[in-house]
Amino acid sequence: MTTVASTRPAHPMAPVHTVGQRPRRSGRRAGVLFSTPFLIIYLLFLVGPLLMGIVLSFFNTTTVKDGLGGWVGVSNYAKVLGDSLFWDAMWHSVLFTLITTPLLVGLALLFAILASRIRRGRVFYRLAFFAPYVVPSSVVALIFLWMYTPEVGLIPKLFSAVGLTAPDFIGSTSGGWTAVILMTLWWTFGFNFVLYTAAIQDVPPDVYEAAAIDGASPWQQIRLITVPLLNPTTSLVLILQILASLKVFDQIYLLLGGGPNQSTRPVIEYIYDTGFTSYRGGYGAAATMVYFVIIVAVSAAWYGLRRLRATGTAARAAA
Amino acid sequence: MNGAKLFNRLCAVCLTLFALIWFVPFAWAIITSLRQDGSITQAPMSPFAGGWSLHAYSFAWHNYPIGYWYLNSLVIAALAVVFTVAFCSMAGFALAFLRFPGRNVVIALVTAGLMLPTEALVLPQFIEYRSLHLLGTYWALVLPSVAAPVSVFIFQAFFKGIPTPLIEAARIDGASWWRVYWTVCMPICRPAVSTVSILTFISSWNAFLWPLLVLNQTKSQTIPVGLSSLVSNTNIQYAEVMASSVLGFLPLIAVFLVFQRRIVQGVATTGIK
Amino acid sequence: MTRRRLLALGGGLALTGGLSACASPLASGLTGSQPNTADVIYWNLFTGGDGANMVLMENAFRKQHPGVTLEATVLGWGNPYYTKLALATASGTPPDVGISHLSRLPLLAAAKLLEPVENTGVTDLGITRDRFTPAAWQKATVDGTVYAVPLDTHPFVLYYNVDLAKKAGLLNAAGDGLKPMKGAHEFVDAVKAMKDAGAKYGAAMSITGDPATAWRYFSMIYRGLAGPVVTDSGTRIDIDTDAMRETFAFMQSLTGPGLMPKSLNGSGANVLFSTGKAGFLFDGEWQIPSYRLVKGLHFNVVPFPALLGPKPVAYADSHALVVPRNANRSPERTANAARFIKSLLDHSATWAQGGHVPAWLPVQRSKAFLDQSPQRNYVQAAFNAQYDPVAWYTGAGSDFQNTVGGTIIEVLAGRLGPRSAVAAMRTDLKRYTTARPPVTMK
């Protein structure tokens, strides 16, 4: 259920601290016993669904009835890849990612830098920006739906107070996107903010002091010191944000139901609609696998890039 | 120097403004929940029109089984925390201190697990759980959150920070590995336990899609899924709906306020999402 | 770690937690058994006026059976409801009684999610074929087995403004209905007469963003000329090209010259008809209660006359009561469920207040119903009812209705001519007919 990367680039799997030179028999047995419970759960409930998905995608399985159904070969895949609605949904997920990622990463960086210049009240900012993140998506949707309500909601009222007409937040496609993006911004922005604040705290203060003595203005300090030093964090935040945004479901499903007329429906809702609403388990599994491969490719590309860069730096350091 | 001070002052003003904006939805929800539907429609922007009352809260509490939803969320999150901490700390311990056959396989599996977008797998997951007859039970929600590679990594990283001589001493005293794990290492690892607990609790409490698929009876739902049934753009019982959402977020905000330092640290060290 | 061991562990936790007061749903969450939070668990999808009437009927049952507790849950209309019903049944924790549209029944039945009516014991309570509107009972039968007890029939009907109709000379001698009309020509003339009588539009209907209404309107006209658009359980497209072109041409003969607005959403249609700016309104009878509330509006409701074909057609659907399959349901629970179903049928005169025609003949022929006007005007429509074609993807609120309805909206809005619209319909239908059905259907 989670996608994670360690902020500290320390190798989590560095050589093990074995006790004594040669592992004793008891250590071998204990090791197996200790890791077995987790391993069983992991294999059954994390690897299991993956294998299940691969198998199902070749059958005409029904979601609501026992049994696999008939073997259909790759025809589920052919249908998914040829379905314009699937690609529409894919595009909606990508569009959501393209819009939210720069906003959520850029604003988080900006705010974290601003916060770093202030001595007092850091806890206050952290509370304000991170609190929404611990609230369930449906509660967020309830509150925002109320704020978006035409005529009586807070946001349309604010629009009319400054003499503008509010977009139709729930009934139109562009309004719907605006509504979802504003809500997402409020809800998840604090997460990246916290990651950046933590990273900024790791920057040694004497770097700034030296720069200040050299006569660097605050803006120069930020541009020439803070931002470059935060590059590794930005790369991490970026990939986490891209992966999370590609998996969008809750906000769009709750606020818009993928509408109007499926014009905002993300991939996961497409899988939900075909697999659960229409009971087409096998077909839904094929759509799942196509989507799954795309996400894994994105994160593999990121890991690959990072490794490439790491070895590049190492080579330069050695030379 | 003066320029820098001015700049910092500007930062503070700007940031405070945004922080206040960030509080608005919470405040607006609370204010709405205390008003009456009639006066809300008539004077949406004047919070004091029509007087305040707790009527909407009693309505929400009596009309929706919020108590059951809380109980379900709580039991599921608690079970998830207990099993995650137990199983993942044991696995982390094994990976940190013990060399055993298959260790490399475990490491490879767990590392690969970090990259898998498991939320995308709800459909095959559903069919697997159906064939195991786990649908409709709390276990259907507990088990996937136990299979969390990140928790294993957090524990492993903490265990590795424990000085090896400490463990060797315990072993020489004749302590079994279980005793080493339970009486030496776990007490030292309290911060890891609390980080994993908090993160597991929040993600389990807030999960939406999977519980939506798995728990279907009205009184067996969790808070997020139960409250999602109130999401409707034709609803005009604004105060009641907002009262329900306040009931939905208040306990979490309270927990967050109490543990905020630890939660933020946990997020910062693991980058969990 | 086996599941049993886990369950035992969890059970221990629950007990030590001292939570026995709320043990029932809790225990069922831990063991996966049937939750017994009430003797009858009932799911429906009614809000608004229908929802209020349903609550009255539930209370009548509670009063009649004080020893039986009833838990009623309202879920989101359309796909969310049906998804939930299917998932709950597949999870082994379904409600004891649920509402289903008869148009949604073929898939639910073919997926073996429903208990055949003969196994639920309602027959012993006198719920038999001869006491229902035949068309509804027929539609409740899938492949020879009856899976649902019809509650009502709700046709797509013709609303008219009485004052305008009088001015236009459309009222019959008694003044309680319209002069007999037959054929498209006379109908278009009537709409023109309405407009000439001072209305801004002769007729109105909800078009924009409302594919379901568009689909109902289309089906009503088209089915006067031809059979269902898909046959063989939804695997074959069976379009009568000429009939469909004629249907679209007829639709545009009203929207084209401005007799009807081309683009109008639901609330727009409501405003036009409520304020006397539209003489006719094409909509489902379930809107009657909301128009009753409009002060100063005199309206009446009649079935549509025959338009393109020789006979009048009523496009309709029915709400029906189903018992989702649950292997663990005790005989007592089933018996309570049957009693509840019977009670709802007996009180369906209350249900008819929402505009619906009761399917249960004892009520349909009772004074309590026949005193209700305009409901009694269109009882015949329930007998002429044409439902959605039988397929795994059709039915109320389905994606199919949304897709096909979307194309019909384009026609109504004048953005698509009859010829290209037929091609577009064919493309829409192909998406569904070529998709592999999730369950085999006869």
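Reply: Two residues are in contact if their C-beta atoms, placed from the backbone, lie within 7 Å. Residues are numbered from 1 along each chain as its sequence is written, while chains are lettered from A and ligands numbered from 1 in the order in which they are written. This is a predicted model, in which local features need pLDDT of at least 70 and side-chain atom pairs count only at pLDDT 80 or more, whereas totals for chains, interfaces and linings use all residues.

Me: How many residues of chain B are in contact with chain A?
Reply: Chain A brings 97 residues to this contact. On the side of chain B, the number is 102 residues.

Me: Which helix of chain A gives the most to the side that touches chain B?
Reply: Helices (H or I, at least four residues) and strands (E, at least two) are DSSP runs, numbered from the N terminus. By class, the side of chain A that touches chain B has 68 nonpolar, 22 polar and 7 charged residues; Ala, Val, Leu, Ile, Met, Phe, Trp, Tyr, Cys and Pro count as nonpolar, Asp, Glu, Lys and Arg as charged, and the others, Gly among them, as polar. With 21 residues, the one that gives the most is helix 1 (residues 25-56) of chain A.

Me: How many strands does chain A have?
Reply: Read along the sequence, chain A follows the pattern α-α-α-α-α-α-α-α-α-α-α-α-α. Its C-alpha atoms fill a box of roughly 75 × 75 × 35 Å, taken along the principal axes. Chain A has 13 helices, and its number of strands is 0.

Me: How far apart are the end C-alpha atoms of residues 90-302 of chain A?
Reply: UniProt lists residues 90-302 of chain A, in an unreviewed entry, as "domain: ABC transmembrane type-1". The span is 76% helix and 0% strand, and the distance between its end C-alpha atoms is 20 Å.

Me: Which helix of chain C gives the most to the side that touches chain A?
Reply: The contact takes 18 residues from chain C and 17 residues from chain A. Helix 4 (79-90) and helix 18 (399-412) of chain C each supply at least two residues of the side of chain C that touches chain A. That side has 10 nonpolar, 5 polar and 3 charged residues. With 7 residues, the one that gives the most is helix 4 of chain C.

Me: What is the strand order of the open sheet of 5 strands in chain C?
Reply: Two strands pair if DSSP finds at least two bridges between them. In chain C, strand 3 (residues 97-101) and strand 14 (residues 319-322) run antiparallel and are joined by 4 bridges, and His101(C) has His319(C) as its bridge partner. The pairing in the sheet is mixed, and the order is 2-1-3-14-6. The edge strands, each pairing on one side only, are strand 2 (70-74) and strand 6 (149-150) of chain C.

Me: How far apart do the C-alpha centres of domain 1 and domain 2 of chain C lie?
Reply: Domain bounds come from an automatic or database domain assignment, which gives domain 1 (34-150 + 319-358) and domain 2 (155-316 + 390-433) of chain C. In the contact between them, 14 residues of domain 1 of chain C meet 12 residues of domain 2 of chain C. Helix 5 of chain C gives the most to the side of domain 1 that touches domain 2, with 3 residues. The C-alpha centres of the two domains lie apart by 30 Å.

Me: Where in chain A does pLDDT stay under 50?
Reply: pLDDT is the predictor's confidence in each residue, from 0 to 100. Chain A averages 86, chain B averages 88, and the mean for chain C is 91. Where pLDDT is low, the predicted coordinates should not be read in detail. In chain A, pLDDT stays under 50 over residues 1-23.

Me: What ipTM does the predictor give the complex?
Reply: The predictor gives the complex a pTM of 0.89. The ipTM is 0.90.

Conventions
UniProt positions are given in the numbering used here, feature names are shortened, and annotations may be inferred rather than shown by experiment.
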